[in-house]
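I opened my notebook to go through one structure step by step and to write down what I looked up along the way.

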Amino acid sequence: MERVVIKIGGSLLSGSQDDVLSYLHGLSSALAGLNNYSLGFVVGGGDTASKYVSLARELGINEYDQDLLGIMATRMNAKLIASFFPDAWPEIITSVDDARTLFEHGKIPVMGGTVPGHTTNTVAALLAEAVGARLVNLTNVDGIYDKDPRENEDAKKFDRIDYDTLISLAAEYDSREARAHFVFDLLASKVVARSGIELHIVDGRDFETVKNAILGKPHNGTVVGE
Ligand SMILES: Nc1ncnc2c1ncn2[C@@H]1O[C@H](COP(=O)(O)OP(=O)(O)O)[C@@H](O)[C@H]1O
Ligand SMILES: [Mg+2]
């Protein structure tokens, strides 16, 4: 069975309670019926992580412990998904090795972060590498642009880019701080590049696109590949 790792951006689980509820209901219906795929999920920390990381920063708490707080937030989001999606393994998986073992047994692992210094993008890239999966990154932007579309009205979206282009964009935004904002960070980009992992960056709220990306069909997002 074809394997696909799905990264759910924490921003998609942020905002009001109603926002998050309607997002989770929408996503679970969009994913229903994908029984011919072996799926694994990695979930980001969103505004729960931001809240704790910025509190910690203000308190002068070191970056390592800021990251640990962020990881705890990702695991809360992961637990929500793992408990709500009917076929997911209900326990949060905390290492890529354990997630691989579940994949090998035909189960659906759900992870948050793993260790300080690694984003959930990186965890998703490593999991895709370990199990030989394609990677679909659900986020709050509809693809990769030549510059941050939130700050540049004239930013242009790429339908397809190669790994070197991804790496140079990620390098521009690489601060190594918890909750830094680039759609796919530098270390994660280097992992997908070294293993030739096909990466799809899609708007996680556009369920048609999400589904097409999982199925390997043309879609509205950006494909990163050779
Ligand atoms: N060149 C770029 N192309 C696309 N998004 C970019 C770019 N540079 C910065 N970004 C920012 O990355 C954000 C997505 O990452 P992030 O906010 O961390 O979401 P998540 O972790 O939920 O996927 C976008 O909202 C966008 O502002
Ligand atoms: Mg992010």
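**Entry on the salt bridges**

I began by noting that this is a predicted model. I then searched the whole structure for salt bridges, and the search gave 8.

I looked up Glu 129 and Arg 194, which form a salt bridge whose closest N and O atoms are 2.8 Å apart. This pair links distant parts of the chain, since Glu 129 belongs to helix H5 (residues 120-131) and Arg 194 to helix H7 (residues 186-195), 65 residues apart. I also checked the accessibility of both partners: Glu 129 counts as partly exposed at 24% relative accessibility, whereas Arg 194, with a relative accessible area of 61%, is exposed.

My next pair was Glu 198 and Arg 134, whose side chains meet in a salt bridge at 3.9 Å from N to O. Here too distant parts of the chain are linked, for Glu 198 sits in the loop between H7 and strand E6 (199-203) while Arg 134 is in strand E4 (residues 134-139), 64 residues apart. Is Arg 134 buried or exposed? I found a relative accessibility of 10% for Arg 134, and because the cut-off for buried is under 20%, Arg 134 counts as buried.

I then turned to Asp 142 and Lys 157, which form a salt bridge with the closest N and O atoms 3.5 Å apart. Both residues lie in the loop between E4 and strand E5 (160-161), so the pair ties together parts that are 15 residues apart in sequence. Asp 142 is partly exposed at a relative accessible area of 29%, and Lys 157 is partly exposed at 30%.

**Entry on ligand 1**

Which residues are closest to ligand 1? I counted 17 residues around ligand 1, and the closest are Ser 11, Thr 139, Asn 140, Tyr 145 and Asp 148. I divided the residues of this shell by type and wrote down 7 nonpolar, 7 polar and 3 charged.

An oxygen atom of ligand 1 is 2.6 Å from an N or O atom in the side chain of Thr 139, and an oxygen atom of the ligand is 2.8 Å from an N or O atom in the side chain of Asp 148. With Tyr 145 the contact involves the backbone, where a polar atom is 2.9 Å from a nitrogen atom of ligand 1. I then looked up the cover, and the protein covers 96% of the 570 Å² of accessible area that ligand 1 has on its own.

**Entry on strand E6**

I finished with E6, where 5 of the 5 residues are buried, so this strand is largely enclosed by the rest of the structure. In a regular strand the side chains alternate between the two faces of the sheet. I therefore looked at each face of E6, and both are covered, with Leu 199, Ile 201 and Asp 203 buried on one side and His 200 and Val 202 buried on the other.

I also looked up the strands that pair with E6. E4 and E6 pair in the parallel sense over 5 bridges, and Leu 135 has Leu 199 in E6 as its bridge partner. E6 and strand E7 (residues 222-224) run antiparallel and are joined by 3 bridges, with Val 223 in E7 as the bridge partner of His 200.

Technical notes:
Residues are numbered from 1 along each chain as its sequence is written. Chains are lettered from A and ligands numbered from 1 in the order in which they are written. This is a predicted model: local features need pLDDT of at least 70, side-chain atom pairs count only at pLDDT 80 or more; totals for chains, interfaces and linings use all residues. Side-chain values use heavy atoms; hydrogens and water are left out. A salt bridge is a side-chain nitrogen of Lys or Arg within 4 Å of a carboxyl oxygen of Asp or Glu. Helices (H or I, at least four residues) and strands (E, at least two) are DSSP runs, numbered from the N terminus. Buried means under 20% relative accessible area, exposed over 50%, partly exposed in between (1.4 Å probe, protein chains only). A residue is near a molecule or strand if one of its heavy atoms lies within 4 Å of it. A polar contact is a pair of N or O atoms within 3.5 Å; within protein, one must be able to donate a hydrogen and the other to accept it, and residues adjacent in sequence count only if both atoms are side-chain atoms. Accessible areas come from the Shrake-Rupley method with a 1.4 Å probe; for residues, only the protein chains shown count as cover. Ala, Val, Leu, Ile, Met, Phe, Trp, Tyr, Cys and Pro count as nonpolar, Asp, Glu, Lys and Arg as charged, and the others, Gly among them, as polar. Two strands pair if DSSP finds at least two bridges between them.
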